[in-house]
Amino acid sequence: MDIQDFVDRRRTFAIISHPDAGKTTITEKLLLLGNAIQLAGTVKARKSGRHAKSDWMAMEKERGISVTTSVMQFNYEDCVVNLLDTPGHEDFSEDTYRTLTAVDSAVMVIDGAKGVEPRTRRLLEICRMRDTPIITFVNKLDRESMDPLTMLEHIEDELQIECVAATWPLGSGRSLKGIYRMDSDELVVYDRSAGNSDSGPRTIAGLHSAEAQELLNSDYEATVETIELVRDAGHSFESKEYLAGRQSLVYFGTALQNFGVVDLLDRFVEIAPGPQARDTNLGNVSPYEEKLSGFVFKIQANMIPKHRDRIAFMRICSGKYTKGMRMRHVRLGRDIKISDAVTFMAGDRTQVDVAYAGDIIGLHNHGTIRIGDTFTEGQDIAFRGIPNFAPEIFRRVRVRDPIHSKRLKNGMQQLAEEGATQVFAPLSSQDMVVGAVGSLQFDLVAFRLREEYGADCAYDPYPIHTVRWVSADDPTILEEFRSRLRSQLALDGDNQLAFLATSRHNLRLIEDKWPDVRFSSTREHASVA
Ligand code: G4P
């Protein structure tokens with residue numbers, strides 16, 4: 001096989017959902033179907049610490065464990081599937097956002113009773129930034145769910161994405177009889193007691209068969225009518241539209257009962273895109289290019305936090321990684337030998353020594369790797385599109401004992417570089433402001449500052465609503481902006497200028513007043529030396 005064959009078999013994706021919609025449950029079923037785990041409950045166990053929000057040791061432990069489960073690789077059909085996990089804690093959403101920059105497609109899980117929820121909406125917005133293709137799974141069909149037609153309309157309205165039903169639910173909750181496969185004209189019979197049985201559920205050929213009529217009984221006429229309506233009047237699936245992120249295939253099922261999930265997975269490996277070309281400062285890099293290249297999208301503390309050993313997750317974008325090879329750390333302009341990269345294979349502990357575009361490898365990091373860094377086989381290129389997201393909550397941070405100010409500064413700089421939080425230094429004061437997307441991030445930062453850097457610190461409220469990174473084509477305009485609004489400006493951890501808005505109204509006002517200044521809610525990491 002040449003490199004193209006290896007690359008084309010890769011499917012790298014993440015699951016997006018609102019907490020409790022069933023992400024963990026469906027992950028587990030996918031791993032079971034991929035034979036990556038043998039027992040239901042394996043993934044669930046990992047999540048059991050989620051309620052102990054104040055127990056930091058437990059959280060550290062959880063974070064440690066999740067290093068090994070952050071990427072779950074398994075084989076299915078002819079494909080090598082890389083499922084990138086996003087943090088269980090809803091507050092760690094910055095990590096989640098960035099993980100979405102490392103995938104080629106996503107599966108969106110929606111609770112069949114609740115419909116589209118806020119976090120799903122937010123995550124979809126992030127997917128939109130790269131036109132990520134999305135397949136939808138409407139979950140919890142074993143509970144009373146929204147009428148499927150209403151659900152499709154609801155998703156279309158809420159998320160502005162065209163929906164094409166791939167399966168159709170035959171009832172829900174107690175009256176759930178099964179699902180109908182739109183393409184193959186087959187009914188899959190739901191049998192609650194069958195659960196995770198190996199033999200799979202019973203199927204019936206043809207909606208117009210006597211068997212189907214018997215199964216659906218008094219609902220038969222109405223069901224046939226609706227399905228025909230959907231088939232005639234609904235959109236038809238177009239790969240091009242799906243790949244452009246404008247159309248989503250929708251599956252219905254219940255992850256808990258492992259019903260309808262296999263339909264999703266079968267189609268996923270068939271239609272989901274393999275590794276895509278990626279944008280760099282010097283143009284696109286094809287995944288088939290022979291030389292290795294990749295970027296770091298996430299950094300995570302390792303099992304023993306005191307050693308400050310971190311794993312940097314690198315998405316391979318082209319070429320082939322082999323154990324012991326030399327790589328160029330482009331930002332530092334240095335060649336380094338990578339002998340101990342970690343590869344991830346759920347269910348298989350032996351180290352994999354080769355990886356291709358689409359795969360994720362973990363590099364040991366002792367403080368030299370930052371989010372957004374590019375690694376290559378010598379090419380001086382830098383990948384684009386690994387963003388910082390504007391934080392939504394802010395605090396002023398101070399050390400309890402001023403003697404430790406330097407520790408705080410060092411610690412904050414490191415934590416900001418690895419993406420655990422964002423720091424801002426207002427131009428007009430000595431304050432150090434931390435910004436986060438979720439409030440739990442603050443507690444984690446305080447914990448790590450104390451444990452890893454010996455800086456015991458406290459937070460004070462800081463009255464800003466949001467930040468916007470500012471730039472302008474005309475340097476004189478920016479200079480004027482800078483001097484006029486000095487009291488509302490700050491430098492972030494990468495010395496980029498940011499406007500600290502006190503309210504939404506304040507932001508709008510200033511934006512209107514300065515039409516030649518760009519205000520952006522995301523900023524790319526600096527990744528070139
Ligand atoms: P998340 O990762 O998206 O947060 O969701 P998770 O899979 O943990 O599911 C959240 C809850 O919903 C869990 O119940 C889970 O068992 C349940 N669930 C997931 N899929 C289905 C489904 O298809 N049908 C039904 N009826 N329930 C489903 P829990 O009580 O919070 O946890 P547990 O005690 O079951 O572990």
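Arg315 is buried, at 0% relative accessible area, where buried means under 20%, exposed over 50% and partly exposed in between (1.4 Å probe, protein chains only). This is a predicted model, in which local features need pLDDT of at least 70 and side-chain atom pairs pLDDT 80 or more, while totals for chains, interfaces and linings use all residues. Residues count from 1 along each chain as its sequence is written, and side-chain values use heavy atoms, with hydrogens and water left out.

**Salt bridges**
- Arg315 pairs with Asp104 in a salt bridge at 2.9 Å, N to O (a side-chain nitrogen of Lys or Arg within 4 Å of a carboxyl oxygen of Asp or Glu).
- Asp104 sits in the loop between helix H5 (93–99) and strand S4 (105–111), and Arg315 in strand S15 (residues 310–318), so the pair ties together parts 211 residues apart in sequence; helices (H or I, at least four residues) and strands (E, at least two) are DSSP runs, numbered from the N terminus.
- Asp104 is buried too, at 4% relative accessibility.
- Lys177 bridges to Asp219, with the closest N and O atoms 3.7 Å apart.
- Lys177 is partly exposed at 24%, and Asp219 is partly exposed at 38%.
- Arg370, Glu417, Asp492, Asp494 and Arg523 form a salt-bridge network.
- The whole structure has 31 salt bridges.

**Burial and fold**
- Helix H11 (residues 261–271) has eight of its 11 residues buried, so it is largely enclosed by the rest of the structure.
- Among those buried in H11 are Leu264, Arg267 and Phe268.
- Across the 529 residues of the protein chain, 56% are buried.
- The chain's secondary structure comes to 15 helices and 32 strands.
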